Amino acid sequence: MKKLALLFISLVVSLAASAQFEQGKFYIGPSLTGLNLNYSGAEDLNLGIEAKAGYLFADNLMVTAQAGYNHSGIDEVSDVISVGLGARYYIIQNGLYLGLNTKLIHANHNYNDIMPGLEVGYAFFLSKTVTVEPAIYYDQSFKNHSDFSKIGLRVGFGIYL
């Protein structure tokens, strides 16, 4: 009986999640990046915040815009502001997604960079519209690959309207 109840609850949760990835929905999501959970060749401390907004223009396909601020331990680029555009594809209806983006990075001391990125994450639904979204990401630096390219963990929240 417990197995049947668990199966029924799982089915209801997965159906509720799939309804959120339909065409015409809006998305907003703040996230924390870094928290020393990323790696690059030249950083010590890394703490950042990011805001993302999106629109599902087709089922399972979202276009996104993002802005962020990051503070790191690198003297050349200790305070970084970024803006970018991207896309997200929900691979399966339960929340697994693949994201691609490109960011324009501006930091103090006239440091500018364009960083394409890739992320794989999962949208855990806390309610019908609110998610917790952990993701693993990689951002490729065109300016200096060995020091500024990053791989890390991002934890965010999402609201699907």
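1. Strand 5 (residues 96-107) and strand 6 (residues 111-122) run antiparallel and are joined by twelve bridges, where strands are DSSP runs of E with at least two residues, numbered from the N terminus, and two strands pair if DSSP finds at least two bridges between them. Within this pairing Gly 99 stands opposite Glu 119 of strand 6, and in the hairpin, which has three residues between the strands, His 109 takes a positive phi near 65°.

2. This is a predicted model, in which local features need pLDDT of at least 70 and side-chain atom pairs count only at pLDDT 80 or more, while totals for chains, interfaces and linings use all residues. Residues are numbered from 1 along each chain as its sequence is written, and side-chain values use heavy atoms, with hydrogens and water left out.

3. Strand 5 also runs antiparallel to strand 4 (residues 79-90), with eleven bridges joining them, and Tyr 97 is the bridge partner of Tyr 90. Five residues separate these two strands in their hairpin, where Gly 95 in the turn has a positive phi of about 125°.

4. Tyr 90 and Tyr 97 also belong to the largest nonpolar core, which has nine residues in all, including Phe 21, Leu 56 and Met 62; such a core is a set of buried Ala, Val, Leu, Ile, Met, Phe, Trp, Tyr and Cys residues joined through side-chain atoms within 4.5 Å, buried meaning under 20% relative accessible area with a 1.4 Å probe, protein chains only. A second, separate core of six residues includes Val 80, Ile 105, Tyr 111 and Met 115.

5. Asn 60, in the loop between strand 2 (46-58) and strand 3 (61-72), has a positive phi near 70° although it is not glycine, and Asn 60 is buried, with a relative accessible area of 14%.

Key
Buried < 20%, exposed > 50% of the residue type's maximum accessible area, 1.4 Å probe, protein only. Helix = DSSP H or I, 4+ residues; strand = E, 2+ residues; numbered from the N terminus.
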